[in-house]
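The model is shown first.

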Amino acid sequence: MPEPIFLAAKLPALDALLLDLLQSLTPEEWAAPTVAKQWRVKDVAAHLLDGNLRVLSALRDGYAGDPPGNVASYEDLVAYLNRLNADWVTAMKRVSPELLLLLLRTTGPLYAAYYAGLDPFGEAPWPVAWAGEETSRNWMHIAREYTEKWLHQQQIRDAVGKPGLLTREWFGPFLDVFLRALPHAYRDVAAPEGTVVQLHIRTEIGGDRFLQKEASGWALVKEAAAPSAVLRIDPDSAWKLFSKSLRPVDLRHRIVVEGDEALAAPALGMVAVMA
């Protein structure tokens, strides 16, 4: 079982980087297309504001203005969330970048303060489904929120060519949280006990992660025997792959698989977002 990761204290600084970034954008950059399919930079920024407001309204204030109704499956939940996201982004198209910035400045500290006040080991309001959890602790819920904040800010930076988040300080926690989806991605993969899959993220900000088949199932471990499959990928490709921003076919020239290709395939298909 991976150790808890506590990321509430990093949220204010991550938001500060976002505000500095958005304040620097030209009108052309606000309208630039992103890897988030049909969303432009301003749409992604609006989605980040929506995240702040949903947390404050639904969790802090206990207000469910648009309950999901009958959600009978994971697919139902994803469809509901996609509708909420699309409705918000469409409505926010009439809001100026200047007003969007004001709203982000106002809600960001309130959002961060809410999470800073939670018991990290209390039960989270929703499980982190992409990690296979049926019940989550607050620390994991907050860690998921960190990945959301990191991912969407990185999409903006990627779109306008601004560096900032592909560093050990910011990418390291993002990767640590995202790769907790690996055991769930391998849940139906049969292999002898002791089989190892190695994920190597190139450069000093990445490193190696090991997934090992144990008697109770697949588990992330710190050290392992010789792997049966090795997946090598650079950090920029990794965040795009595991967020479903791009798919393996889009990145085939940047991914190297050594050993058992079939055993590496579930890692290539892993998605650590609700999608």
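## Basis

The model is predicted: local features need pLDDT of at least 70, side-chain atom pairs count only at pLDDT 80 or more, and totals for chains, interfaces and linings use all residues. Residues are numbered from 1 along each chain as its sequence is written, and side-chain values use heavy atoms, with hydrogens and water left out.

Helices (H or I, at least four residues) and strands (E, at least two) are DSSP runs, numbered from the N terminus.

## Sheet

An open sheet with mixed pairing is formed by five strands in the order β3-β2-β1-β4-β5; two strands pair if DSSP finds at least two bridges between them. Its edge strands, β3 (217-221) and β5 (255-259), each pair on one side only.

Strand β1 pairs with β2 in the antiparallel sense over six bridges, with Gln 198 opposite Phe 210. The hairpin of β1 and β2 has five residues between the strands, and Thr 203 in the turn has a positive phi of about 80°. With β4, β1 pairs in the parallel sense over five bridges; Ile 201 stands opposite Ile 233 there.

Six of the six residues of β1 are buried (under 20% relative accessible area, 1.4 Å probe, protein chains only). Val 196, Gln 198 and His 200 point one way, and Val 197, Leu 199 and Ile 201 the other.

## Helix α3

In α3, 14 of 20 residues are buried. Gly 62, which follows α3, has a positive phi near 65°.

Notes. Buried < 20%, exposed > 50% of the residue type's maximum accessible area, 1.4 Å probe, protein only.
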